[in-house]
Amino acid sequence: MIAQMTVILRLEMPQDSLILEKSQNWTSQKMDHILICCVCLGDNSEDADEIIQCDNCGITVHEGCYGVDGESDSIMSSASENSTEPWFCDACKCGVSPSCELCPNQDGIFKETDAGRWVHIVCALYVPGVAFGDIDKLRPVTLTEMNYSKYGAKECSFCEDPRFARTGVCISCDAGMCRAYFHVTCAQKEGLLSEAAAEEDIADPFFAYCKQHADRLDRKWKRKNYLALQSYCKMSLQEREKQLSPEAQARINARLQQYRAKAELARTTRPQAWVPREKLPRPLTSSASAIRKLMRKAELMGISTDIFPVDTSDTSSSVDGRRKHKQPALTADFVNYYLERNMRMIQIQENMAEQKNIKDKLENEQEKLHVEYNKLCESLEELQNMNGKLRNEGQGIWTLLGRIIGQKLNIPAILRAPKERKPSKKEGGTQKTSTLPAVLYSCGICKKNHDQHLLLLCDTCKLHYHLGCLDPPLTRMPRKTKNSYWQCSECDQAGSSDMEADIAMETLPDGTKRSRRQIKEPVKFVPQDVPPEPKKIPIRNTEDENEAKEENPSQDLNMEQKNSKK
């Protein structure tokens, strides 16, 4: 009866809830059996090459992919509470949270270098130039044989944060003539890494392709396995904490402490790694760990971490002799650049202080001169008005004297209107000098009258504008000639709208219409050197006609006969 009731309830349940329940049951049953290698993203686990799991961080990896030796390392995990010895990855043995030197990603399994740094094992396998001290155990990793100019040389096409796109070393697509570059772990996330079969005898069996050249099916299942691996590592840690007994957890922690003490002793007693005598330059911005520390420092100091473009040109000096920006590195060139930059900054600051004092003095003098100039302009205007009144009175008296005498008298020069005086060659030559304005001109945008030498006159609207108030601002005065002039943006827009009004419609022979710009007739050419001939207007003069008649009486008779015939 109860079974029938459960069947009826299951039939009445909606289909979505049944699918969700089945998926949860399947994941709970199969989660312990799904193990994916974090290096090759394969899920095949065999006795010869078993997928093992770290008992501390929960990461899974093939024995061959990580270089695990059964004689020196325990290869069985205690997740099922058996009596075997637990296994830990190298990072857990050393008790560190490493950061890869070859990429900006922090997930994955790591190997230690001979210099005490850490790299992803997958990065060490795929980046050219990285070597291993022991090929079977894949340790220690050596980075000194790799060319340091590769650090930050290329930009990753998959990194979302542009600050980390040039960190580490980027590899290129193995397809011929392809210019796609990316980090190894970024390509692993997208499922773009591939490995040659074991039967193929190839010196470098590791390949990487971009999205355009990679196999779609291969990329699809690798991408799926990568996402499943990320979710499984997080869920396995939570489930292990619930399943393990306190005794098993204490045994794992005790064994982990023994490994860490052993790793600390080995770190202090191991021989010093070989380092090249000459220091190899490396940009500070190519280290992901350094960028994270600087970002954290900026966050604590309250400084904005906006990204500014960096000039990566290799030129050592610019046109004016100053050194261009150099990437931070432990090199003699950067030290010289840094010291020279500090000296130049001190000189610039002192020069700015002096220029500021001079600017303040000039502004004060300019204000005083403006006040005096306005007073002089007002007095000049009063004198000009008084001079005009006196000139008018003098001209009236002079005309009155002419009427009294009965003759038209010439007006003396003192009563005539003054003409603009042209400067002589000794005074400065042939250029025309304009009189000073009675009132200071003000800018048409900011409405201020300061910096009169920076005001520019529009030849169309006759308004003045400061060079810095224009949009876009001008750095210098435009040149004006007889054939060219300058106008502001508003007048320019108005002129363009007038040009659009000249467009007309033209009807083609097939009946269609198209727009046609009306072309004005060309202006007739008139040479400036040759003046046009004036029209001759006949002027009748009775005295001249009478004299001509007296001299030629026969011509008058002929003219009278013609008129009578008409």
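**Questions and answers on this structure**

User: At 9% relative accessibility, does Leu138 count as buried or exposed?
Analyst: The relative accessibility of Leu138 is 9%. Buried means under 20% relative accessible area, so Leu138, at 9%, counts as buried. The model is a predicted one. In this predicted model, the state of Leu138 is therefore buried.

User: Where is Leu138 placed, and what is its phi?
Analyst: Leu138 sits in the loop between β5 and β6. These two strands form a hairpin with four residues between them. Leu138 is not a glycine, yet its phi is positive, at about 55°.

User: How many bridges join strand β5 to strand β6, and which residue stands opposite Ala131?
Analyst: Strand β5 covers residues 131-134 and strand β6 covers residues 139-142. The two run antiparallel and are joined by three bridges.

User: Is Glu112 buried or exposed?
Analyst: Glu112 belongs to strand β3, which spans residues 110-112. Its relative accessibility is 16%. Because buried means under 20%, Glu112 at 16% counts as buried.

User: Which side chain is joined to that of Glu112 by a polar contact, and at what distance?
Analyst: Leaving aside neighbours within four places in sequence, the contacts of Glu112 include Cys94, Arg117, Trp118, Pro140, Val141 and Arg267. Arg270 is also one of these contacts. The polar contact joins the side chain of Glu112 to that of Arg270, at 3.4 Å.

User: Which backbone nitrogen does the side chain of Asp55 reach, and at what distance?
Analyst: Asp55 lies in the loop between β1 (51-53) and β2 (60-62). Asp55 has a relative accessible area of 5% and is therefore buried. Its side chain reaches the backbone nitrogen of Trp87, at 2.9 Å.

User: Which residues of the largest nonpolar core touch the most other members?
Analyst: The largest nonpolar core holds 67 residues. Val61 is among those that touch the most other members; leaving aside neighbours within four places in sequence, its contacts include Cys37, Cys38, Tyr66 and Trp87. Val39 and Ile109 are also in contact with Val61. The residues touching the most other members are Val39, Val61, Leu102, Ile109 and Phe182.

User: Which element gives the most to the largest nonpolar core?
Analyst: Of the 67 residues in the largest nonpolar core, Val39 and Leu102 are among those that touch the most other members. The elements that each supply at least two residues of this core include α3 (63-66), β4 (118-120), α5 (121-126), α7 (216-243) and α8 (246-269). With six residues, the element that gives the most to this core is α5.

User: Where is Ser157 found, and what distance separates its C-alpha atom from that of Phe182?
Analyst: Ser157 is found in the loop between β6 and β7 (171-172). Leaving aside its neighbours within four places in sequence, Ser157 is in contact with Tyr181 and Phe182. Ser157 and Phe182 are 25 residues apart along the chain, and their C-alpha atoms are separated by 5.6 Å.

User: What distance does helix α9 reach from its first C-alpha to its last, and which of its residues are buried?
Analyst: Helix α9 covers residues 288-301 and has 14 residues. From its first C-alpha to its last the helix reaches 20 Å, close to the 20 Å expected at 1.5 Å a residue. Just after α9, Gly302 takes a positive phi of about 75°. The buried residues in α9 are Ala288, Ser289, Ala290, Ile291 and Ala298.

User: Is Lys462 buried or exposed?
Analyst: Lys462 lies in the loop between β11 (455-457) and β12 (464-466). Although Lys462 is not a glycine, its phi is positive, at about 60°. Exposed means over 50% relative accessible area, so Lys462, at 53%, counts as exposed.

User: How many helices and strands does the protein have, and what share of its residues count as buried?
Analyst: The secondary structure comes to 13 helices and 14 strands. The protein exposes about 42900 Å², of which carbon and sulfur atoms supply 54%. Of its 566 residues, the share that count as buried is 26%.

Terms used
Residues numbered from 1 in each chain as written. Predicted model: local features only at pLDDT ≥ 70, side-chain atom pairs only at ≥ 80, totals over all residues. Heavy atoms only, no water. Buried < 20%, exposed > 50% of the residue type's maximum accessible area, 1.4 Å probe, protein only. Polar contact = N/O pair within 3.5 Å; in protein donor to acceptor, adjacent residues only side chain to side chain. Contact = heavy atoms within 4.5 Å. Core = buried A, V, L, I, M, F, W, Y, C linked by side-chain atoms within 4.5 Å. Areas by Shrake-Rupley, 256 points an atom, 1.4 Å probe, with all protein chains shown as cover. Pairing = 2+ DSSP bridges. Expected span 1.5 Å × (residues − 1).
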